[in-house]
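This report walks through one protein model for a reader who is new to structures. Please keep the sequence and the 3D view open while reading.

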Amino acid sequence: MDKKILLDVQNLKVEYALKGKKKVSAVSDVSLNVYENEILALVGESGCGKSTLGKAMIRLVPPVSGQLYFKGVRIDDLDTKAFMPYRRQMQMIFQDPYACLDPRMSVRDIVAEPLDTYKICESKEATTQRVTELLEAVGLKEDHLYRYAHQFSGGQRQRVGIARAIALNPAFIVCDEPVSALDVSVQNQILNLMKEIKEQYGLTYLFISHDLSVVRFIADRVCVMFLGKLCEIGDTELIYNDPQHPYTKFLLDAIPKADPTQRRASRLLLPGELPSPVDPPAGCRFHTRCPYATAECKNTEPKMKQVKGRMVACHMFD
Ligand code: SF4
């Protein structure tokens with residue numbers, strides 16, 4: 001059966017202005033599809049632009065160019081009012097729920113806020129009832145309604161963040177490092193909860209993470225990003241078992257191995273520092289660190305092409 005495209009991202013470009021005339025090229029000409037009901041992971045080192053891309057995909061940061069189509073409708077050029085019905089279908093879960101939960105608001109009010117904004121329930125009692133249902137869906141109890149964020153553990157706070165994100169029955173959630181701030185045992189609980197909620201509510205996730213073990217556990221497909229550009233995108237097991245792009249190979253090789261002798265034997269070390277997105281290298285942005293770089297890599301940007309069942313941007317496959 002053909003997969004249905006939920007979000008079609010075309011040539012998206014995001015820049016941040018610095019002092020003077022300098023700009024940070026955070027996301028550069030990125031095109032990708034997100035399919036309905038999948039978990040697509042976005043991976044790469046910190047500073048590679050994955051959070052910015054995730055936010056730009058749901059219009060939380062403005063692109064300088066490119067198009068976004070949600071369920072076939074172009075949404076990047078809609079004004080705020082016309083975008084409202086789409087805004088409620090796209091939500092976000094953050095890394096640090098504590099930072100985005102207002103410490104002066106009770107959990108009831110935090111989860112009720114989007115319901116109130118969109119006037120979903122007819123009365124205050126109906127809103128409280130709906131919030132109670134949402135808390136129960138994420139493994140919290142009615143007793144938690146009138147507590148404040150500081151009275152919860154990290155895992156419980158992330159449960160509140162998830163309850164708030166699903167309050168409006170969205171179709172698409174951008175999850176930005178949702179378990180990175182949690183202990184490993186709590187991480188597993190939250191990842192399992194996110195999987196359950198996804199099935200129950202028919203959701204699609206963009207799962208942003210630098211933790212490749214977590215990504216292998218949760219994602220259907222993986223998209224690897226380096227310095228604002230996509231390197232490789234394809235099914236998770238295909239990429240983990242047989243990575244093609246040199247940067248993907250490096251990232252997977254850097255996952256800590258249980259056996260230290262194997263770790264030393266397989267370690268692929270990259271030369272140099274991560275280049276600056278203020279002045280990114282010409283040609284392939286990875287060429288200053290790539291052990292296979294040629295003259296062509298320094299001058300010509302590689303295009304995405306089909307390689308062994310996934311898409312890869314690398315001149316080795318021209
Ligand atoms: Fe390395 Fe060249 Fe491929 Fe870039 S295009 S990853 S520099 S081989």
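## The model and its confidence

This is a predicted model, in which local features need pLDDT of at least 70 and side-chain atom pairs count only at pLDDT 80 or more, while totals for chains, interfaces and linings use all residues. Residues are numbered from 1 along each chain as its sequence is written, and side-chain values use heavy atoms, with hydrogens and water left out.

The pLDDT is the predictor's confidence in each residue, from 0 to 100. Its mean over the protein is 92, and 95% of the residues reach 70 or more. Over residues 263-267, however, the pLDDT is below 50, and this stretch has six contacts in the model beyond near neighbours in sequence, where contact means heavy atoms within 4.5 Å.

Helices (H or I, at least four residues) and strands (E, at least two) are DSSP runs, numbered from the N terminus. Helix 5 covers residues 124-137, and its 14 residues reach 20 Å from the first C-alpha to the last, close to the 20 Å expected at 1.5 Å a residue; the expected span is 1.5 Å times one less than the number of residues. A residue is called buried under 20% relative accessible area, exposed over 50% and partly exposed in between, with a 1.4 Å probe and protein chains only. The buried residues of helix 5 include Thr127, Arg130, Val131 and Leu135, and its buried residues pack against helix 4 (107-117), helix 6 (154-166) and helix 7 (184-201). After helix 5 comes glycine 139, with a positive phi near 85°.

In helix 4, Val107, Arg108, Ile110 and Leu115 are among the buried residues, and the buried residues of this helix pack against helix 5 and helix 6. Just after helix 4, lysine 119 has a positive phi of about 45°.

Phenylalanine 70 belongs to strand 4 (residues 65-70) and is buried, with a relative accessible area of 0%. Leaving aside neighbours within four places in sequence, its contacts include Leu6, Tyr86, Met90 and Phe172. Aspartate 176 lies in strand 7 (residues 172-176) and is also buried, at a relative accessible area of 9%. With neighbours within four places again left aside, aspartate 176 is in contact with Ser51, Met92, Ile93, Phe94, Gln95 and Ile208.

Is threonine 300, by contrast, buried or partly exposed? Threonine 300 is partly exposed, because its relative accessible area is 38%. This residue sits in the loop between helix 12 (295-299) and strand 11 (304-307), and it touches Gly283, Cys284 and His315, not counting residues up to four places away in sequence.

## The cavity

Rolling a probe the size of a water molecule over the atoms shows where empty space is left. On a 1 Å grid over the protein atoms alone, a cavity is a set of points where a 1.4 Å probe fits but cannot get out, and lining residues have an atom within 4 Å of a point. The structure holds one cavity of 30 Å³ or more, and about 80 Å³ of space lies in the largest cavity.

Of the 13 residues that line the largest cavity, Pro246, Cys284, Cys290, Cys297 and Cys314 are the closest to its centre. The lining has ten nonpolar, three polar and no charged residues.

Methods: On a 1 Å grid over the protein atoms alone, a cavity is a set of points where a 1.4 Å probe fits but cannot get out, and a pocket is an open set with protein on both sides within 12 Å along at least five of seven lines; lining residues have an atom within 4 Å of a point. Grid points are joined across faces, edges and corners, and a volume is the space filled by probe spheres set on the points. Ala, Val, Leu, Ile, Met, Phe, Trp, Tyr, Cys and Pro count as nonpolar, Asp, Glu, Lys and Arg as charged, and the others, Gly among them, as polar.
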